[in-house]
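Me: Could you take a close look at the salt bridges here and walk me through them in one go? I would like to see where the partners sit and how buried they are.

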Amino acid sequence: MQLQDILYSQGFGTRRICAGLIQQGWVAVHSAGSPEPVVCLEPAQDFEEQGLVLRVQDQDWPYHAKAYVMLNKPAGTECSQKPSAYPSVYTLLPAPLRQRPGKSAVSGVQAVGRLDQDTTGLLLLSDDGQFIHRMSSPKKHVPKVYQVTARHPVDAAQVERLLAGVVLDDDPKPVRAAACVQRDAHRIDLTLTEGKYHQVKRMIAAVGNRVEALHRARIGGLELPVDMAPGQWRWLGPDELALLK
């Protein structure tokens, strides 16, 4: 693939902008056997994109045919491109991830499902439509683990009702937790396989309690790394993607 097309596919701007970056000496390529990346001034020069690492304006950028990233969502952010009251989580990502070209009118990576503005924790983002659909579809039953802090003590009866199923106001069919582990008087780990609107908060309200804090700790077999600070993001590796299957 031509270098200008590689840059374009990674979200560094239009093909004209990408060609300009190359011609101005802002793009270098890590090559085998060379300790330092080599500047390339020819936009049409061909490279094997698999395993390619670029250095664009002094920042290293590994080539990814599709983007799969995780973000530790902080409180006070919205999972929306057009937030209404709080900053967007997309502002936490570098420009190339937000600008990657796509087949639809929407460019860049998209959040796989949404977390409320006050909910923290593991958020996946991708530009792979099939991946987003598979991870978001309630029919796929991908388990998600939420760490819930309740306002009032959680008793055994409430745990039993969450596991047996509660009725929410928009659906007569009961929804239930796949698992519920009590951590202390006010904290439980709730595992859900559906993705209804405000589901955790509404389920806790249905058993007579209230959510004070909510944190998503795991999706499928993928756990949020303990060393990942709120607001940080990183690429998902093949082993981590396998945990989501």
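Reply: Happy to. By the rule used here (a side-chain nitrogen of Lys or Arg within 4 Å of a carboxyl oxygen of Asp or Glu), the count comes to 11 salt bridges. This is a predicted model, in which local features need pLDDT of at least 70 and side-chain atom pairs count only at pLDDT 80 or more, while totals for chains, interfaces and linings use all residues. Residues are numbered from 1 along each chain as its sequence is written, and side-chain values use heavy atoms, leaving out hydrogens and water.

Let's begin with aspartate 116 and lysine 201, whose closest N and O atoms are 3.1 Å apart in a salt bridge. This pair links distant parts of the chain, 85 residues apart: aspartate 116 lies in the loop between β6 (110-111) and β7 (120-126), and lysine 201 in helix α6. Helices (H or I, at least four residues) and strands (E, at least two) are DSSP runs, numbered from the N terminus. Lysine 201 has a relative accessible area of 24%, so it is partly exposed; the classes are buried under 20%, exposed over 50% and partly exposed in between, with a 1.4 Å probe and protein chains only.

Helix α6 (residues 199-206) also holds arginine 202. Arginine 202 counts as buried because its relative accessibility is 17%. Leaving aside residues up to four places away in sequence, arginine 202 touches Leu168, Asp169, Asp170, Lys196 and Tyr197, where contact means heavy atoms within 4.5 Å.

Next comes the salt bridge between the side chains of aspartate 184 and arginine 187, at 2.7 Å from N to O. Both partners are partly exposed: aspartate 184 has a relative accessible area of 31%, and arginine 187 has 41%. Strand β11 (residues 179-182) and strand β12 (residues 187-192) run antiparallel and are joined by four bridges; two strands pair if DSSP finds at least two bridges between them. Valine 181 has aspartate 189 in β12 as its bridge partner, and a hairpin of four residues joins β11 to β12.

Finally, arginine 234 forms a salt bridge with glutamate 240, with the closest N and O atoms 2.9 Å apart. Arginine 234 is partly exposed at 31% relative accessibility, whereas glutamate 240 is buried at 17%.
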